[in-house]
Amino acid sequence: MKKCFAAVLGMALAVPAFAQMSPVGLWRNMDDKTGEAKAEVRVTEEAGGLKGSIEKVLKKGASPADVCAECTGDRKDKPIVGLEIIRGGKKEADKDVWSGGKIIDPENGKEYRASFTPTDGGAKLEVRGYLGPFWRTQVWQRVN
C-alpha cells in the first residue's frame, strides 16, 4: 500500500514539471566564453510563434542606454533592453521542440535560424542557432 501511495504521489508531483516543458517564461542566458550571466530574456507564445525580448541586461559593464548598433532593419539602433531577439518558432508535432524560428545576437547583429528545446523538466532551455550547415547551442536557465 505504501508503494502504491508513493507512486501516485510521485506522479502527482511530476505533473507540474511537465507543464513547464515549454520555452515560455523568463530565461537567463550565459556568456559562452566567461560562463557569466548576460541577460534575462522573456519568451512568450503568440499566434505567429515564439517571441522573446531582453528584459534585463546582466553583463558586466553594460549600460541601460546600450543599443543594437550592429542590428539591421527594424531593430537597428534600438535599446538592448526590450529588444526582440526571438521571432517565430512553432512546436513540432509529438516533440518538445519549437523550430522554424529566428534569433538575433545583439552583440554582432547576426540573425540565425533557431530551435528551442526545454530540458531537465523545463528548468533549462537548449537554444540552437543555425547558420548554413553550422550550429551552436546555448543552455539557458529558467528564472521563472
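Helices (H or I, at least four residues) and strands (E, at least two) are taken here as DSSP runs, numbered from the N terminus. Read from the N terminus, the elements of the chain follow the order α-β-β-β-β-β-β-β-β-β, which comes to 1 helix and 9 strands. The model is predicted: local features need pLDDT of at least 70, side-chain atom pairs count only at pLDDT 80 or more, and totals for chains, interfaces and linings use all residues. Residues are numbered from 1 along each chain as its sequence is written, and side-chain values use heavy atoms, with hydrogens and water left out.

**Whole chain**

Start with all 144 residues, of which 33% are buried. Buried means under 20% relative accessible area, exposed over 50%, and partly exposed in between, with a 1.4 Å probe and protein chains only. Contact means heavy atoms within 4.5 Å. Of the contacts between residues at least 6 apart in sequence, 37% join residues at least 24 apart.

**The largest nonpolar core**

Next, select V41, I85, I86, I103, F116 and W140, which touch the most other members of the 21-residue largest nonpolar core. Two or more residues of this core come from each of β2 (37–46), β3 (49–57), β4 (84–87), β6 (98–105), β7 (110–119) and β8 (124–131). A nonpolar core is a set of buried Ala, Val, Leu, Ile, Met, Phe, Trp, Tyr and Cys residues joined through side-chain atoms within 4.5 Å. Centre on V41: beyond four places in sequence, V41 touches residues including L26, W27, I54, I85, I86 and W140.

**S53**

Move to S53 in strand β3. S53 has a relative accessible area of 18%, so it is buried. Setting aside neighbours within four places in sequence, the contacts of S53 are E40, V41, R42, G82, L83, E84 and I85.

**S22**

Go to the loop between α1 (2–19) and β1 (25–30), where S22 lies. S22 counts as buried because its relative accessibility is 15%. A polar atom of the S22 side chain lies 3.1 Å from the backbone nitrogen of V24. Residues up to four places away aside, S22 touches W27, W98, P118 and R142.

**The largest pocket**

On a 1 Å grid over the protein atoms alone, a cavity is a set of points where a 1.4 Å probe fits but cannot get out, while a pocket is an open set with protein on both sides within 12 Å along at least five of seven lines; lining residues have an atom within 4 Å of a point. The space in this pocket is about 740 Å³. Colour the lining by class to find 18 nonpolar, 5 polar and 10 charged residues. At least two lining residues come from each of β2, β3, β6, β8 and β9 (134–142), and β9 gives the largest share, 5 residues.

**Two loop residues with positive phi**

Finish with D94, in the loop between β5 (90–91) and β6. Its phi is near 60 degrees, a positive value in a residue other than glycine. D94 counts as exposed because its relative accessibility is 82%. Then select D120, in the loop between β7 and β8. D120 is not a glycine, yet has a positive phi of about 50 degrees. With a relative accessible area of 54%, D120 is exposed.

Technical notes
Polar contact = N/O pair within 3.5 Å; in protein donor to acceptor, adjacent residues only side chain to side chain. Points joined across faces, edges and corners; volume = space filled by probe spheres on them. Nonpolar A, V, L, I, M, F, W, Y, C, P; charged D, E, K, R; others polar.
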